[in-house]
Amino acid sequence: QTTDTKSLATMSFKGVEASTGDKIIVPEGYSYQVISRWGDPLFANSPKWKGDATEDSAAQALQVGDNHDGMTFFPIDGKADEGLLVRNHEYINPAYIFPKGVEVAGEGWNADWVKKSQRAQGVSVVHIRLDNGKKWQSVLDSRYNRSINAHDTEMVIVGPAAGEDLMKTHADPTGTVVYGTFGNCGNGFTPWNTYLTCEENVTDYFGTTKEGVKADMHMQRYGVSSKASDGDYRWELFDKRFDVVEEPNEWNRHGWIVEIDPFDPQSKPKKLTALGHFKHENAAFAVSNDGHVVIYMGDDQRSEYIYKFVSKNKYDANNQAANRDLLNEGTLYVAQFLDGATKGDLKGEGKWIALTLDTVGVDGKKLAEHFKTQGELLVKTRQAADLVGATPMDRPEWVAVHPQTKEVYVTLTNNSDRGSDKERKGMGGVKHPGVDDANPRVKNPYGQIVRWNEQDTDAAALSFTWDVYLLVGNPSIHPEGNLMAGTANMTSKNLFNSPDGLAFDKDGRIWIQTDGNFSNTGAYEGMGNNQMLVAVPQTGSTEGEIRRFMVGPSGCEITGITFTPDQKFVFVNIQHPGEYGKHPRAPKEVNPQDQPLAFSQWPMGDNEDTENSGGRPRAATVVIWRDDGGIVGA
Ligand code: FEO
Ligand code: CA
Ligand code: CA
Ligand code: CA
């Protein structure tokens, strides 16, 4: 059933040391370039970055968005040196994006700031080209360049929830048209050259200015506020559609996966309701043994679930144009991870349970008794998954499929609520569960990577076997054998925490990116800044070194990864450099012990970047290559 291939992938770079500095570190024999920073021109007529964040919303619409996350390089005509870099802009840091700056971030909130915030989030399409050998440039006069953002871009809603009552608003009584996308976290892509952007923490953007409002069960289950929205956004102050009293259904129209055709700048992105409504992390593509498309997905919140979608119709590898509506229709499944015959061995079996009206839940009733239509069920995906007894996981982040073995890997980043008595609110509310083999640690501070093999290596199978590939830990401070020390593939040389971004390259190397605690003290001692690691995993074994490939600047996370087709260049994103909790200037609160972390001004001063950032760190893409022109990571 499992194809145990000793992967042919090699890994010969020398691992880099942990670091707490404010620059990028890559292995010996590698170089990098910073491209496409927040605020850089997107078009030939874009205003130049000013450095003091006094750009208004009109300028932001013409500039690269903020806090880059998932991304895909789409080659133009199969070329390795020219293509479309399509990239998520997940959120904003008000302290940096508004001119008041870090000392008085909340002061002066106004309508144009809200519009600027909306236009800095979403997806950008940037035509890029490798000029004179090793410098990547944005082609600013390209017809493809586009800002798909939370304010300006009209989208269509497709799939079973399109036209549902819960999807209707004053502006859209049909429930089929919506403006914008935001909270764009991880991503996916299809062989028919479309990009999948995943809407994650969309509930943070909704709230109300009215007093005494009570959140209903549905809002509670997703965490929509009946008070003010997150202080970083406060969109409801100046844009009524984000006020949950004015527009109680608007939030249901966000939290989906959106399919974008980057090669048609006039195309309307599609919100794919068949793939479920939750805090989507990424979308990993596979094809089943009999030709159905499968998309694996995580819902990134504490003790949420792992899902997969199986298309109704079949994929045609010889006619990509015929595949364009495959994600409109199909079946959504949620995963159960069972401990199996032996408890405590960090492996077991699993099942996929269909989220359809006919499925019988743990209460013995068909889901049809809880939801009137499949559309309503999908809008309330989390409640449907609760009702069928899905397994709560330690914050499912990215999923990646091994290109040769088809084994599926997922990062579970951490879960401070694991094993607590905190009750999750909403219909089907449950206590945060105790430990199990897939989520074996109370208040899990480090995260783990779990992987599974579908029965008969068939992506559409209804059962699987799974094991923990990597239990992240700190073997330098916890005794051997203690679960907090991690599995044997954690060593004093590769210390890190909170795996998040995850992808395989074509050869079967796995690239692991982190978004965790970078205090470098206590439980996290020796881990340094967030980073990216590489490994060649073997099925059914935790053997094989996991080696640190890169360290990011202070306060950042590293996320998003894509390669040129010849694998000579890897692109990754530096998200939120200089983000020290809610206190961008107060690193001592993050790291009270000693050596206050630098106040990041990255990328200013790193590599060849001399553009004055006005003291503001800027999210950006980093492209890394081998000086000898070889395959990266090999
Ligand atoms: Fe946007 Fe779950 O990270
Ligand atoms: Ca077990
Ligand atoms: Ca993430
Ligand atoms: Ca994350």
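Colleague: Which residues does N289 touch, not counting those up to four places away in sequence?

Modeller: Two residues count as touching when their C-beta atoms lie within 7 Å. In this predicted model, N289 touches D456 and D458. N289 sits in the loop between β13 (284-287) and β14 (292-298). The C-alpha atoms of N289 and A461 are 9.1 Å apart, although 172 residues separate them along the chain.

Colleague: Is N289 buried, exposed or partly exposed?

Modeller: You count neighbours: 20 or more other C-beta atoms within 10 Å means buried, 12 or fewer means exposed, and anything in between is partly exposed. N289 has 13 of them within 10 Å, so it is partly exposed. Try the count on D456 too: with 12 other C-beta atoms within 10 Å, D456 is exposed.

Colleague: Where is D456, and what is its phi?

Modeller: Most residues other than glycine have a negative phi. You'll find D456 in the loop between β22 (448-454) and β23 (463-471). N520 isn't a glycine either, and its phi is positive, about 65°. N520 is in the loop between β25 (510-514) and β26 (531-535). With 21 C-beta neighbours inside 10 Å, N520 counts as buried.

Colleague: What kind of peptide bond joins W602 and P603?

Modeller: Most peptide bonds are trans. The bond between W602 and P603 is cis, with omega about 5°. P603 belongs to the loop between α7 (587-590) and β30 (620-626).

Colleague: Why can we say that helix α3 is largely enclosed by the rest of the structure?

Modeller: Go through the helix residue by residue and see which are buried. Seven of the nine residues of α3 (residues 111-119) are buried, so the helix is largely enclosed. Those buried residues are W113, V114, K115, K116, S117, Q118 and R119. Their cover includes α1 (57-60), α2 (94-97) and β6 (146-149).

Colleague: How many residues does the largest nonpolar core have, and which have the most contacts inside it?

Modeller: Think of a nonpolar core as buried nonpolar residues linked through their C-beta atoms. The largest one here has 134 residues, and L275, I295, V334, V399, A400, Y409 and M550 have the most contacts inside it. Strand β23 gives the most to this core, six residues. Another core, of 23 residues, lies apart from it and includes Y96, V114, F182 and M219.

Colleague: And what does A400 touch, leaving out residues up to four places away in sequence?

Modeller: A400 touches A284, Y409, L502, A503, F504 and I510.

How values were computed:
Residues numbered from 1 in each chain as written. Chains lettered and ligands numbered in written order. Predicted model: local features only at pLDDT ≥ 70, side-chain atom pairs only at ≥ 80, totals over all residues. Helix = DSSP H or I, 4+ residues; strand = E, 2+ residues; numbered from the N terminus. Core = buried A, V, L, I, M, F, W, Y, C linked by C-beta atoms within 7 Å.
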